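My entries follow the order in which I went through them.

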Amino acid sequence: MAQSQPHSAAFRVGDVRVAPDLNRLDGGDRSAQLEPRVMDVLVALARADGAVVSRQDLIDRVWGEEAGSDDGLSRAVSLLRSAIGEVGDEDRYIETIPRRGYRLAVPVVDIAEPEAAPSVQADDPGPATARSALPWPMRLAAGGLAVALLIAAFLWRPDKAPEPSALQEPPYTASVAVLPFEPFSSEQSDRFLGYGLTEGLIHSLSAVPELGVAARTSSFSFGEGGRPRGDIRSIGEALGVTHVVEGSVRHEGERVRVTAQLIRVSDGLHVWSGVEEYDGRDAFELEDTIVEEVSRALQLHLDVGYGAGTRPQRAIKPAALAAYYEGLHHLGNAMRNDGAAFQGYEALRRAVEIDPNFPEAWTALATTGVQWASGPLANDKEAAIRQVREDLAQALRLAADDHRTHVAHARFYANVSLDLDKARDHLAKAEALAPLATETLYALGHYAWLVGKPEEAISSYRRALRLDPFNLSARLSVAMKLAVLGKGDEAFEFLDACLETECLAEGFVPYAATAAVLAGDEATKARWASAAAEFQEKLASIPPSGKPRSVALLPAHFAIGFDGDPTPARKLLSEIDFANDPITDHIGMWSLTIGPEMPTDLFVSILTESHERGDLLSTYLSMWPFYGAASLPDSVLEHPAYAALWSRPELTQLAALRRENGWPQGLPAIK
C-alpha cells in the first residue's frame with residue numbers, strides 16, 4: 001500500500017473493507033466497530049505495506065506524547081486480531097515477528113472514494129489521528145458542566161451511535177473503572193476501608209443497566225504494588241473505559257473523610273465529585289451514596305440506567321465490617337504476598353463469626369472456597385468441599401440477589417460436583433442480575449468450554465476481557481484454549497510476549513510449554529523448549545514443600561514432547577510407585593505424553609483416581625482443555641474401565657452434552 005494512504009480513505013485488508021473514518025470493518029454481511037486507537041494501529045500497519053513495524057514504533061505513531069504503553073498496544077492488537085478475524089474469511093491477518101514487532105500478512109488494497117478526505121503526508125512522524133468524532137456536548141468546557149450535562153442528556157442518545165456488531169456484545173452505552181481508593185494516612189484500617197469501598201462500588205455498579213464496569217483484577221492493577229497511577233486519561237484508555245471513578249480515604253480526628261469523583265476519560269472532565277464522612281458503622285450506606293451519585297451523573301450524561309446497584313439498608317457490626325475489608329484486601333494481594341490468601345480467608349471467616357447475617361462476607365467466603373475446593377490449597381478436600389457447601393447455602397440464604405452468589409454456585413456445580421443442570425440454573429440467575437459483569441461472563445465461558453462449545457466460550461471470555469484487560473490469569477486461560485483450537489498465532493501472541501516481559505510468574509512456563517508441545521509449530525516448540533529447560537533448572541532452588549508432586553514428571557514430559565524421547569519417562573515409571581501412590585495434580589500437562597508410556601490398566605486407574613480427587617476436569621490446568629489438540633491413545637478410549645468412568649452419573653450428562661455439541665474428543669469410544 002502506498003505510504004500516502006490517507007487516514008480517512010477506505011481500503012481493503014485481504015477480504016475485509018476498512019473504513020477508518022467510521023472506525024468500522026466490513027466483510028460480507030458482517031461488520032465490527034473498532035475503538036479509535038485500535039483502528040489507528042491497523043492504519044499504521046497498513047501504511048507499512050507488509051513491512052515489520054516494531055512495537056515501540058507503533059506506540060510512538062499511535063499514542064505519541066500521550067505515553068502509550070506495551071499493555072495498551074497488546075490490548076489493541078488483541079482486539080484488532082479478534083475483530084478482523086470475526087468479519088474476514090482468512091485465518092491470519094496480523095503476523096507477530098518475535099522480538100521485532102508486527103506486520104500485515106495479507107495484501108492491502110486502496111479503494112477509490114468519490115470524496116476522499118485530504119491526505120496526510122507520508123513523512124508525517126506524528127501519531128495517527130483517525131478518531132471517531134465525539135458529539136459536540138462531550139467537548140464543552142468544564143465551566144459549563146451543568147448546562148453540558150443537561151444538553152448531553154437530550155442530544156446524545158444511544159440510538160445515534162453506530163449499531164453494535166456481534167463482536168461488541170454485550171452492548172453498553174458507557175463504561176467505568178473504579179480505581180482503588182487511596183489511603184492518605186498510615187492507618188491500616190484506612191487501607192482496608194479504601195480497598196473494601198472499591199470492591200463494593202465495582203460490584204454495585206455492575207448492576208446498573210447498560211453500564212460496562214472494568215473488572216477488579218484490572219482496576220486494582222493500578223493500586224498497591226501495581227502500575228503507577230499517572231494520567232487518568234491514559235489509565236482509562238488502557239482499561240478501555242469511558243469514565244473513571246477515583247477517591248481517597250483520610251482520617252480526620254475520630255472520623256474518616258472519603259472523597260470520590262467521576263472523571264470522563266476523553267477530556268479529563270470531572271463529571272461528579274463528592275465528599276462523605278464515615279464513622280465505622282455505615283460503610284454500605286456510604287457505598288450506596290457514591291453509587292447513587294455516580295449512576296445519577298451517568299444517567300444524565302449518557303442515559304444509562306439509574307437506581308440499580310444500591311441495596312436495602314441494614315446494620316453490619318463494625319468489627320465484622322473491618323474484618324471483611326481486611327479479608328478483601330489480603331485476597332486482592334494473594335498473588336503478590338505469600339500467605340495473603342490464607343489471611344484473607346481467615347479474616348472473612350472471622351467476619352461471619354462476628355456477624356452471621358453478613359451477606360457480602362458469606363458470598364466472598366463461598367467464592368474463595370470454590371476456587372480452593374479442587375486446588376492445592378485444600379489439603380483435606382472432603383472437609384473443604386463440606387465447608388464450601390455450607391458457605392454456599394448461607395450466601396444463597398442471605399444474598400440471592402447478588403450475581404456473585406450465583407456465579408460461585410455455578411462454578412461449584414460445574415467444577416466440583418458436575419451437576420450441570422444446577423450450574424446452568426445459577427448461570428441464568430447471574431446473567432439476569434448482572435449480564436455485563438465480568439464474573440458472569442467468565443463463568444458463562446467456563447461452562448461453555450466444559451460442555452463442548454469452544455467458540456462460544458472464547459467469545460464470552462473476550463467480552464469479559466474488554467473490561468478486564470489486565471487479568472493475566474484469564475488471558476492465559478484463553479491462550480491455552482486458542483492453542484487447543486489450532487489458533488496458535490493468537491495464543492502465542494500473548495504467551496511469547498509474556499515470556500519476554502515476565503508478565504506472569506515463572507510457574508506459567510510449564511503450561512505454556514505444554515501448549516507448544518500439543519499445538520505449536522516447530523519454531524514455537526523450539527522457543528518453548530528453551531524456556532522449559534530454564535524453568536526446570538530454577539526448580540532446584542525451590543524447597544519440595546513449595547512444589548506440586550507433578551513437578552517430578554516434567555523432565556520426562558518435556559523430553560517426550562520436545563525431543564520425542566520416551567527414555568526418561570520409562571526410567572521414571574520404574575522409580576515411582578504409581579499403582580499405590582498415583583500423581584494426579586496438573587494431569588492435563590503430563591497425561592498425554594507420559595500416559596501412553598504406562599500400562600493401559602494403570603493409566604486408566606490414575607485417570608479414575610484423578611477424577612475422584614477432583615483433579616480431572618476442574619480447571620484449565622486439568623485434562624479437559626487439551627482434548628482437541630492431542631488425543632488419548634485408542635487403547636485408553638476403548639478400555640472398559642475408561643468407559644465405566646464416564647458412565648458415572650456425574651459424567652454421563654457431560655459426555656452426552658459434549659457429543660451433542662460436536663466436541664467428542666477424549667470421550668470413550670462408542671461400540
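The entries below cover confidence, then strands, then helix packing.

**Ground rules.** I am working with a predicted model, in which local features need pLDDT of at least 70 and side-chain atom pairs count only at pLDDT 80 or more, while totals for chains, interfaces and linings use all residues. I number residues from 1 along each chain as its sequence is written, and the side-chain values I quote use heavy atoms, with hydrogens and water left out.

**Confidence.** I looked first at pLDDT, the predictor's confidence in each residue, from 0 to 100. The chain averages 76, and 75% of the residues score at least 70. I noted that residues 1-7 stay under 50, and that the model gives them 27 contacts (heavy atoms within 4.5 Å) beyond four places in sequence. Residues 112-170 are also below 50, and I recorded 85 contacts for this stretch beyond near neighbours in sequence.

**The sheet.** I took strands (E, at least two residues) and helices (H or I, at least four) as DSSP runs, numbered from the N terminus, and I counted two strands as paired if DSSP finds at least two bridges between them. In what order do the 5 strands of the open sheet lie? I read the order as S4-S3-S2-S1-S8, with antiparallel pairing. S4 (30-33) and S8 (108-110) each have a single partner strand, so these edge strands are left with one side that has no neighbour in the sheet. Ignoring direction, I find neighbouring strands turned by 25° against each other on average.

**Hairpins and bridges.** I followed the sheet strand by strand.
- S1 (residues 11-13) and S2 (residues 16-19) run antiparallel and are joined by 3 bridges, with Arg-12 partnered by Arg-17 of S2. The two strands form a hairpin with 2 residues between them, and Gly-14 in its turn has a positive phi of about 60°.
- S2 is joined to S3 (residues 24-27) by 3 bridges, again antiparallel, and I found Leu-25 of S3 as the bridge partner of Val-18. This hairpin has 4 residues between its strands, and Asn-23 in the turn has a positive phi of about 55°.
- S3 and S4, also antiparallel, share 4 bridges, one of which pairs Gly-27 with Arg-30 of S4.

**H13 and H14.** For helices I use axes fitted to C-alpha atoms over the stretch in contact, with angles from 0 to 180 degrees between N-to-C directions. The axes of H13 (residues 403-415) and H14 (residues 420-433) come within 8 Å and cross at roughly 160°. I therefore call H13 and H14 roughly antiparallel, the cut-offs being under 35 degrees for roughly parallel, over 145 for roughly antiparallel, 65 to 115 for roughly perpendicular and oblique for the rest. The contact includes His-403, His-406 and Tyr-413 of H13, and Lys-422, His-426 and Leu-433 of H14. I sorted its residues into 8 nonpolar, 4 polar and 2 charged, where Ala, Val, Leu, Ile, Met, Phe, Trp, Tyr, Cys and Pro count as nonpolar, Asp, Glu, Lys and Arg as charged, and the others, Gly among them, as polar.

**H18 and H19.** I then turned to H18 (residues 488-501) and H19 (residues 509-519), which pack at an angle of about 140° with their axes 11 Å apart. H18 and H19 are therefore oblique to each other.
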